[in-house]
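Colleague: I am still learning to read models like this one. Could you take me through a single part of it closely?

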Amino acid sequence: FFFFFFFFFFSSSSSSLSASASASSAPAPSSVQVRAYYHECLTKKYGIKNYTIKQCEKDWAIACMYFPIYVAMWFGTTPDEQLVDEMFPRRFVPRAFDAISRNKSVSYLPGAYARSMP
């Protein structure tokens with residue numbers, strides 16, 4: 001799961017990958033294509049039954065909220081000088097918020113839209 005999620009999460013946008021992520025000149029897959037391939041692998045290759053694409057999309061959106069916690073713990077315990085790319089943590093945060101927004105992740109939080117504005 002983390003390979004697919006990492007691939008999707010760190011793409012430069014929801015429809016393309018950064019040039020450094022792709023060695024070929026072929027167009028990068030869209031986030032929808034990556035998710036569909038991930039779902040296909042789970043259901044056909046690994047035999048997971050009764051797992052709809054809708055459930056997969058929900059799981060993906062929720063993962064957008066917990067994945068950054070793992071990354072924050074990793075970078076929070078590793079000195080900058082030991083990182084392969086010292087700027088990665090600084091680029092990660094805006095991309096994390098973008099992925100959460102793009103996938104409407106907060107819509108799955110209990111009471112996310114039930115709160116009233118003051």
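Which residues are buried in α2?

Modeller: Happy to! Please keep in mind that this is a predicted model. In helix α2, the buried residues are S31, V34, R35, Y38, H39, C41, L42 and T43. The helix itself has 15 residues, and from its first C-alpha to its last it reaches 20 Å, close to the 21 Å expected at 1.5 Å a residue. Just after α2 comes G47, which takes a positive phi of about 70 degrees.

Now let us pick one residue from that list. H39 is found in α2, which covers residues 31-45. Its relative accessibility is 14%, and because buried means under 20%, H39 counts as buried. What does H39 touch, not counting residues up to four places away in sequence? Those residues are Y51, T52, I53 and C56.

The buried residues of α4 are F88, P89, F92, A96, A99 and I100. After α4 comes K104, with a positive phi near 50 degrees.

Finally, look at the surface: I62, Y66, I69, Y70, M73 and Y108 form a nonpolar patch there, with about 570 Å² of accessible area together. One of them, M73, is found in helix α3, residues 53-76.

Key. Residues are numbered from 1 along each chain as its sequence is written. This is a predicted model: local features need pLDDT of at least 70, side-chain atom pairs count only at pLDDT 80 or more; totals for chains, interfaces and linings use all residues. Side-chain values use heavy atoms; hydrogens and water are left out. Helices (H or I, at least four residues) and strands (E, at least two) are DSSP runs, numbered from the N terminus. Buried means under 20% relative accessible area, exposed over 50%, partly exposed in between (1.4 Å probe, protein chains only). Contact means heavy atoms within 4.5 Å. Patches are made of residues with over 30% relative accessible area and no salt bridge: like charges are joined within 9 Å, nonpolar side chains (Val, Leu, Ile, Met, Phe, Trp, Tyr) within 5 Å. Accessible areas come from the Shrake-Rupley method with a 1.4 Å probe; for residues, only the protein chains shown count as cover. A salt bridge is a side-chain nitrogen of Lys or Arg within 4 Å of a carboxyl oxygen of Asp or Glu. The expected span of a helix is 1.5 Å times one less than its number of residues.
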